[in-house]
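Where does the ligand sit in this model, and which residues come nearest to it? The report below takes up these points in turn.

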Amino acid sequence: MEKELQVYIDGAYYPKSQAKISVFDHGLLYGDGVFEGIRAYDGIVFKLKEHITRLFCSAHMIMLEIPVSKEKMTEIVLETLRKNKMTDAYIRLVVTRGVGDLGLNPKKCPKPTIIVIADTIALHKSEAKEKGVTAMLSWVKRDPVDATSHEIKSLNYLNSILAKIEANISNVDEAICLDKNGMICEGVAENIFIVKNGKIYTPPSYTGALPGITAEEVMKLAQRLGYEVREKNITPYELFNANEVFFTGTAAEIIPVREINKRLIDNGTPGPITKRLMAEFAKLVRDPSQGVPI
Ligand code: PXG
């Protein structure tokens, strides 16, 4: 039998089947906690420092004091990968408010729970990368920045899940959320970009989108390749009439979008700038200078 995954919980490792936390944990009872999704490629954890920084920023916003330092958290992630002898992995880092009572007051939770799972990544079907995915604008508006903003990578993902359910029941691959002003915001777990007349645009984070680490890297990459990249408000009209549309995210990497609400994006095949960025990004994630070695 294959050896079970070893999961880190609060200082100890448990086989996957034994990796359990209390039903009184406020991460479960109230979605009170923060997380990161990180990837390792060929023994290098891509942008680990950036992910750890974002985890601590999310925690700072919800006044959750992570009981270990950033250095220690980095070491826990690396150690979990070593324990599982993994060089290519999807890493889920979760910090919850911890165990409390049946009341939402976080004051009643003395000790946050830290969980690190290193698993294999379920890659998108290669068809998605070659042909692009279908998507729909969902009726679910992204929570604005003065609400439970997705700038915080919190355990509250119902906003995205509601949108994803609409995509599922409409038989499309992905959903796109608008902000409360009707501007394009982001996918359910991806940032979004459009290409128009050779220039690249993405919505600003004040639309309520998560400041994606992949998006940031793709913007820098595109600039290095000589493209103009701008953050700007994007209307549904501009989205439907873009030359190219693509999503970015840790799990998705770069995925072309071929159709939105039954409107083809250009001729419905991945465009040249998307394809070039995909090829260059595939090299970037394997560049040892872009991450931390396991
Ligand atoms: N927007 C949202 C709302 C996200 O949750 C992104 C954008 C892309 O951000 P990064 O930093 O990954 O480029 C995300 C990322 C999962 C999973 O298992 C979710 C994400 C990433 C990895 C895995 O659902 N969300």
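## Basis

This is a predicted model, in which local features need pLDDT of at least 70 and side-chain atom pairs count only at pLDDT 80 or more, whereas totals for chains, interfaces and linings use all residues. Residues are numbered from 1 along each chain as its sequence is written, and side-chain values use heavy atoms, with hydrogens and water left out.

## Site of the ligand

Domain 1 (6-119) and domain 2 (128-284) both contribute residues to the shell around the ligand, so the ligand lies between them; the domain bounds come from an automatic or database domain assignment.

The shell holds 18 residues, of which Arg92, Tyr157, Glu186, Thr214 and Thr250 come nearest (a residue is near if one of its heavy atoms lies within 4 Å of the molecule).

## Polar contacts

Polar contacts here are pairs of N or O atoms within 3.5 Å. The side chain of Tyr157 places an N or O atom 2.4 Å from an oxygen atom of the ligand, and a polar side-chain atom of Thr250 is 2.5 Å from a ligand oxygen atom. For Glu186, a polar side-chain atom lies 2.6 Å from a nitrogen atom of the ligand.

On its own the ligand has 540 Å² of accessible area, and the protein covers 89% of this (Shrake-Rupley method, 1.4 Å probe).

## Pocket

Definitions and conventions: A polar contact is a pair of N or O atoms within 3.5 Å; within protein, one must be able to donate a hydrogen and the other to accept it, and residues adjacent in sequence count only if both atoms are side-chain atoms.
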